[in-house]
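I will go through it slowly.

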Number of protein chains: 2
Amino acid sequence: MVGLHTKVEKSLRSQGIRYTSNRRALVSALNQTIGPLTVDQIYRATDPRVPFSSIYRELRALVDAQVLSLHHTADRSNRFELAEWLSGHHHHLVCVRCMAISDISLNSEAEHRLATLGEEAAKGAGYLITDHTLEIEGVCPTCR
Amino acid sequence: MVGLHTKVEKSLRSQGIRYTSNRRALVSALNQTIGPLTVDQIYRATDPRVPFSSIYRELRALVDAQVLSLHHTADRSNRFELAEWLSGHHHHLVCVRCMAISDISLNSEAEHRLATLGEEAAKGAGYLITDHTLEIEGVCPTCR
DNA sequence: ATAATATATGATAATTATTATCATCGGCGG
DNA sequence: CCGCCGATGATAATAATTATCATATATTAT
């Protein structure tokens, strides 16, 4: 079982991109949480000497390099998370009160059913399906 | 079968909010498309004399009044759509090329399976589930 | 019907989020 | 060790969103 940073470094080097300490810090921050983080949360989770301009620039670089992916929810904030080839395929549980987001996984049988469901639904539209995400909304234990 | 505008007006009036021509135009624009629209798209779909400041203000008012809902996508744009009590429960089909979004519906059996799936997955987390959305990504017929 | 009151509107300014620029720094191959 | 190229931080610029305010329009009470 090869470590996360090793995998990321390998991928970046193959693209001619350095795995610097700033980038490592971003990956670490996103690896230590249970769900995607906003730019602000990432800023607070890292060394305060790293300015927003660098955070933004590096996040974008890592998204372009497919190490991170952007996520979308209703609360108008952009969130970043590790790409699925690093973190595994998962879905999201969103608290409608505090807006916290947690990752959840389905067992492979459920996952298969979900994929089938999507295929069926998209059949008529003529789309070539590449991915799917289930977003479940609710109130988290803390907010209840 | 009571009309859309009648339903909206009733709802707004009960909240002490007027259903003005600007607001009516926004609702109409969102009712004529197959998926959620960006602020820009909405601006272009309405009378050009209505300025962005009004569009933004009224969109927000309508979201607050639960007539519209916000959707945030991977392309970093906020999109608006009719709330589900007006448009019916649905999911989204997103083209990863042109970023167009279409609504799709599942048959009730599939919808039920999906709900069950979500419940099961969320069980361990202690959430009180209120809603779910399936987002299917792919390449649309036009972009293929 | 008219005055009084309250909400809506457009124009503009202010704020916030994001991206671009640029001079300097640091790792790496020669 | 030198020179090159990507990376960094500071700052400026741009884009997106929200707030302000004077005016206009609708609604209510008289």
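What rotation superposes chain A on chain B? The answer is 179 degrees, with 0.0 Å of shift along the axis and an RMSD of 0.2 Å, where the copies are superposed by least squares on the C-alpha atoms of residues with pLDDT of at least 70 in both. That is the relation of a two-fold axis.

Before I go on, please keep in mind that this is a predicted model, in which local features need pLDDT of at least 70 and side-chain atom pairs count only at pLDDT 80 or more, while totals for chains, interfaces and linings use all residues. Residues are numbered from 1 along each chain as its sequence is written, and chains are lettered from A and ligands numbered from 1 in the order in which they are written.

Let us turn to the interface, where 37 residues of chain A are in contact with 38 residues of chain B, contact meaning that the C-beta atoms, placed from the backbone, lie within 7 Å. On the chain A side, β6(A) gives the most, with 12 residues; helices (H or I, at least four residues) and strands (E, at least two) are DSSP runs, numbered from the N terminus. Since 100% of the interface residues of chain A are also interface residues in chain B, the copies meet through the same surface.

β6(A) also pairs with β6 of chain B, residues 128-139, in the antiparallel sense over 11 bridges, and pairing requires that DSSP finds at least two bridges between the strands. Within this pairing, A:E135 stands opposite B:T133 in β6(B).

Conventions
Contact = placed C-beta atoms within 7 Å.
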